[in-house]
Every structure is written in structure tokens, then in C-alpha cells.
Amino acid sequence: MRLIRSVLLALALAAAPAAQAADDPALATVKTLYGSFDAAVKAGAGTLQQRLDAVGPAMERSFDFPAMVRLAVGPQWASFTPEQQAALTEAFRRNFVTTYANRLKQAAGGRFEVLGSERRGAGSLVQTKVTTPDNDESQIDFVTNAEGKVTDVLLNGNVSEVASQRSVFNPPLKAGGADGLLKFLRQRTENMLSAKPTP
């Protein structure tokens, strides 16, 4: 009897991480996000504006943009006024969503798969795989906070989107501070929106 109890206890402990992962709100976040990505390109790439309309609402619910832009800017963020911080957060959100909608063109006809999640501190790491139409696979991991909102995206397990943004932000920040970065973000977004689609 004692042996049976021990075996059952061991099985329960072994199953606990999987059950915890299944209940992880981060999984629901990324599944919803990928559902919007899939819907955006299911019938072909469409226009950038069509992809924006398809993925924008899901991305705005899924990502913690205030935390992401704060991390991307770094310590200098604390020296900005509340008005500058609010303007930068909005410009970053718009630029980030537009960038992802723009990238989705390359994934038309591909597959978005959510593989699982594991706890990381108070949040989680959600592992996914994106396969392009020519069968080129990429590992994409989503770092989330305790509420299940995405705070970073990792390509191939180690290339941080937030860290990449920080290196891009450094020149406009050094040249013009918060206002310089705001102008840079807005211009970068407008350049994508106004670009003529390639045939």
C-alpha cells in the first residue's frame, strides 16, 4: 500500500509542471496572438493596412508596451517627463505593431505553432515555431509577465527584440533625447505605411 501511494505521489509531482503550464495565461495570450497572425495571412498577404487591421487589436491586448519601451530606452527613461513617456509609449506601440504586420507578409501561407510554456520567475516563456511557405523554420519564444502579457520576443532562443530595439534607439537618443527618439519612431512608422507595395 505504501509503495502504491509513493508511486501515485511521484506521478502527481511529475505531472504538476505540465498541468501548471496548461493553466498558464501566457499560453492563451500567444495562442490568441498567433490566431490573429494566421487569420491575417490565411487568404494571402493582402495589404499592410489589412494586416494591421487583422493583428492590431490582438497585439495591443497581448503586449506590455509600457514595460517594453522602458526597457528598450534604459536608465534614461527615468529622466523623461510623464508627457514624453506617454508619447514615446504610444509611438513605440504603433511602430511595433506596424513592424510585425509588415513582417507578416513573408509568412503568408506559413504555419504558426505554439509548442508549450515554462515558468520563468513570476512570468513564463512560451515556445513557438514559425514555418514559412518554403519550410524555413524559426524558433520564436515569448517572454511574459505574471499577467500573461508579452514583455520580450526571442528569436532562436537568444536574440532579444527589446535588446535589438535598444541598440537601434541609442543614436536618436544620443542626438536628441526623448524628442529625438519620438521623431525617429514616428518617421520609421510612416515610412512603412507610405512604402509602395512590392509586386
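Modeller: A residue counts as buried under 20% relative accessible area, exposed over 50%, and partly exposed in between. The model discussed here is predicted.

Biologist: Is Lys 129 buried, partly exposed or exposed?

Modeller: The relative accessible area of Lys 129 is 23%.

Biologist: Which side chain meets Lys 129 in a salt bridge at 3.9 Å, N to O?

Modeller: A salt bridge needs a carboxyl oxygen of Asp or Glu within 4 Å of the nitrogen. The pair links distant parts of the chain, 16 residues apart, with Lys 129 in strand β2 (residues 123–131) and its partner in strand β1 (residues 111–120). That partner is Glu 113.

Biologist: Which residues do salt bridges with shared partners join into one network with Glu 113?

Modeller: Glu 113 also pairs with Arg 111, with the closest N and O atoms 3.8 Å apart. Glu 113 is partly exposed at 27%, and Arg 111 is partly exposed at 42%. Besides Glu 113, the network holds Arg 111, Lys 129 and Glu 137.

Biologist: How many salt bridges does a search of the whole structure find?

Modeller: Side chains of opposite charge can pair when their charged atoms come close. The cut-off used is 4 Å between nitrogen and carboxyl oxygen. Over the whole structure, the number of salt bridges is nine.

Biologist: How far apart are the closest N and O atoms of Arg 93 and Glu 90?

Modeller: Both residues lie in helix α5, three residues apart, about one turn of the helix. An α-helix has 3.6 residues a turn, so residues three or four places apart point the same way. Glu 90 is partly exposed, at 39%. In the salt bridge of Arg 93 with Glu 90, the closest N and O atoms are separated by 2.6 Å.

Biologist: Are α3 and α5 parallel, antiparallel, perpendicular or oblique to each other?

Modeller: The axes of α3 (residues 48–62) and α5 (residues 82–103) come within 9 Å and cross at roughly 125°. Roughly perpendicular stops at 115 degrees, and roughly antiparallel starts over 145. The two helices are therefore oblique.

Biologist: How many residues in the contact of α3 with α5 are nonpolar, polar and charged?

Modeller: The crossing is right-handed. On the α3 side the contact includes Leu 48, Arg 51, Val 55 and Met 59, and on the α5 side it includes Arg 93, Phe 96, Val 97 and Tyr 100. The contact residues number eight nonpolar, three polar and three charged.

Biologist: Is α2 roughly parallel or antiparallel to α3?

Modeller: Helix α2 (residues 25–41) packs against α3 at about 175°, with the axes 8 Å apart. Anything over 145 degrees counts as roughly antiparallel. So α2 and α3 are roughly antiparallel.

Biologist: Which residues in α3 are met by α2?

Modeller: The α2 side supplies Thr 29, Thr 32, Leu 33, Ser 36, Phe 37, Ala 40 and Val 41. The contact residues of the two helices divide into eight nonpolar, four polar and two charged. On the α3 side they are Arg 51, Ala 54, Val 55, Ala 58, Met 59, Arg 61 and Ser 62.

Biologist: Are α4 and α6 roughly parallel or perpendicular?

Modeller: Their axes lie 7 Å apart, at an angle of about 80°. Hence α4 and α6 are roughly perpendicular.

Biologist: Which elements are included in what covers the buried residues of α4?

Modeller: The buried residues of α4 (residues 65–73) are Phe 65, Ala 67, Met 68, Val 69, Ala 72 and Val 73. Among the α4 residues that meet α6 are Met 68, Ala 72 and Val 73. The cover includes α3, α5, β4 (150–155) and α6.

Biologist: What separates the C-alpha atoms of Gly 74 and Phe 169?

Modeller: Gly 74 follows α4 and has a positive phi, near 90°. Gly 74 sits in the loop between α4 and α5 and is buried, at 10%. Gly 74 and Phe 169 are 95 residues apart along the chain, yet their C-alpha separation is 9.8 Å.

Note on methods. Residues are numbered from 1 along each chain as its sequence is written. This is a predicted model: local features need pLDDT of at least 70, side-chain atom pairs count only at pLDDT 80 or more; totals for chains, interfaces and linings use all residues. Side-chain values use heavy atoms; hydrogens and water are left out. Axes are lines fitted to C-alpha atoms, for helices over the stretch in contact, and angles run from 0 to 180 degrees between N-to-C directions. Helices (H or I, at least four residues) and strands (E, at least two) are DSSP runs, numbered from the N terminus. Angles under 35 degrees count as roughly parallel, over 145 as roughly antiparallel, 65 to 115 as roughly perpendicular and the rest as oblique. A crossing is left-handed if the near helix is turned anticlockwise from the far one by less than a right angle, and right-handed if clockwise. Contact means heavy atoms within 4.5 Å. Ala, Val, Leu, Ile, Met, Phe, Trp, Tyr, Cys and Pro count as nonpolar, Asp, Glu, Lys and Arg as charged, and the others, Gly among them, as polar. Buried means under 20% relative accessible area, exposed over 50%, partly exposed in between (1.4 Å probe, protein chains only).
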